[in-house]
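Good morning, colleagues. Please look at the display first.

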Amino acid sequence: MADVIGHFEQAVLVALVRLGSDAYGRAILVEVQQRLDREVSAGAVSATLERLEAKSFASSRLAPGTAIRGGRARRYFIPTAAGLRALNDAKSATDSLWRGLAWPLKVST
Amino acid sequence: MIDEQANPPRLAQLILGVTLRPIDADTVAGDLLEEYRAVRRPSLGRLKADAWYWGHALSVVAHLVWPFALALVAARIALAMFFAFPLSGGWNPSLVPAPNVSLLDALFFVGAGYFGARRTGRVATGIVSAMALGLIDFTAFAVVATLLFPRLPAAMWGNPFILVIGCIFLALALAFASALGAAGAVVGGWTARGSAR
């Protein structure tokens with residue numbers, strides 16, 4: 001079984017899959033914020049990307065910066081095969097947890 | 001309208017540059033600058049956009065020190081609950097009769113300095129980490145002091161002398177944190193360079 005990934009790690013990895021070749025820091029931050037529907041800090045995303053790279057779930061490459069970035073480089077991320085396997089495992093685990101239950105759950109008042 | 005010359009607060013940029021790993025310093029700062037210039041500054045105005053940038057810069061520092069901050073605040077609360085207040089004295093000697101300068105605080109500051117510098121290989125990261133921890137430590141002390149002596153905040157405003165004493169305590173705590181953090185950071189930076197070789 002692949003390494004277990006946390007909820008926020010999943011959100012960032014899914015953002016990398018959705019963004020494809022456009023997955024750089026700012027785009028990832030905006031995508032995660034939109035998906036989670038809350039403000040997310042750059043520190044949290046940067047720390048998570050660092051962790052995903054350390055676990056070999058994502059890899060990155062540098063690209064030249066633009067004027068609006070003050071010439072600072074962009075770092076593009078892509079999920080690795082191990083990262084995609086970990087995402088699949090996480091999705092399977094969630095699906096298995098819910099199997100047999102009618103959704104949404106009825107709330108008795 | 002996008003203003004390509006608009007710049008976030010310099011101190012926030014400096015803190016960001018110091019606390020990020022060298023490999024991230026350029027790219028993460030660039031991401032935030034791009035968002036600041038393209039979206040936040042035009043839509044929020046200077047004051048709110050600057051606050052937004054500060055929030056993100058401080059979030060990077062928070063990710064650096066949160067394990068130490070959590071442990072230190074927990075230790076402070078536990079000690080306040082089970083032992084006498086103030087927290088120094090006896091087994092936990094203090095440099096001078098003031099809060100946040102005890103042996104226990106020193107251990108945390110050295111640790112924050114060491115791990116901060118190890119992360120980036122820069123002594124400055126360790127010092128910033130230790131100072132941020134010192135500020136959190138002082139805030140925790142102030143909260144505990146206010147809970148134990150509820151009339152303290154009102155007394156501060158009523159008697160400026162108490163406010164001055166509080167400011168001196170804060171300055172002492174930050175100086176102590178930065179000195180101990182620097183000591184830990186020198187060792188951390190040295191070991192980081194050693195393991196990189």
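**Chain B and its contact with chain A**

The side chains of A:Arg74 and B:Glu34 form a salt bridge, at 2.9 Å from N to O; the term stands for a side-chain nitrogen of Lys or Arg within 4 Å of a carboxyl oxygen of Asp or Glu. Between chain B and chain A, the count is 8 salt bridges. On the side of chain B that touches chain A, α2 and α3 of chain B each supply at least two residues, and α2(B) gives the largest share, 16 residues. Helices here are DSSP runs (H or I, at least four residues), numbered from the N terminus.

A word on the basis: this is a predicted model, in which local features need pLDDT of at least 70 and side-chain atom pairs count only at pLDDT 80 or more, while totals for chains, interfaces and linings use all residues. Residues are numbered from 1 along each chain as its sequence is written, chains are lettered from A and ligands numbered from 1 in the order in which they are written, and side-chain values use heavy atoms, with hydrogens and water left out.

Which residues of helix α1 of chain B are buried? With buried meaning under 20% relative accessible area (1.4 Å probe, protein chains only), they are B:Ala12, B:Ile15, B:Leu16, B:Val18 and B:Thr19. These residues lie on the same side of α1(B) because they cover an arc of only 170° around the axis, taken from the directions from the helix axis to the C-beta atoms. The face turned away from that buried side carries B:Arg10 and B:Leu14, both exposed (over 50%).
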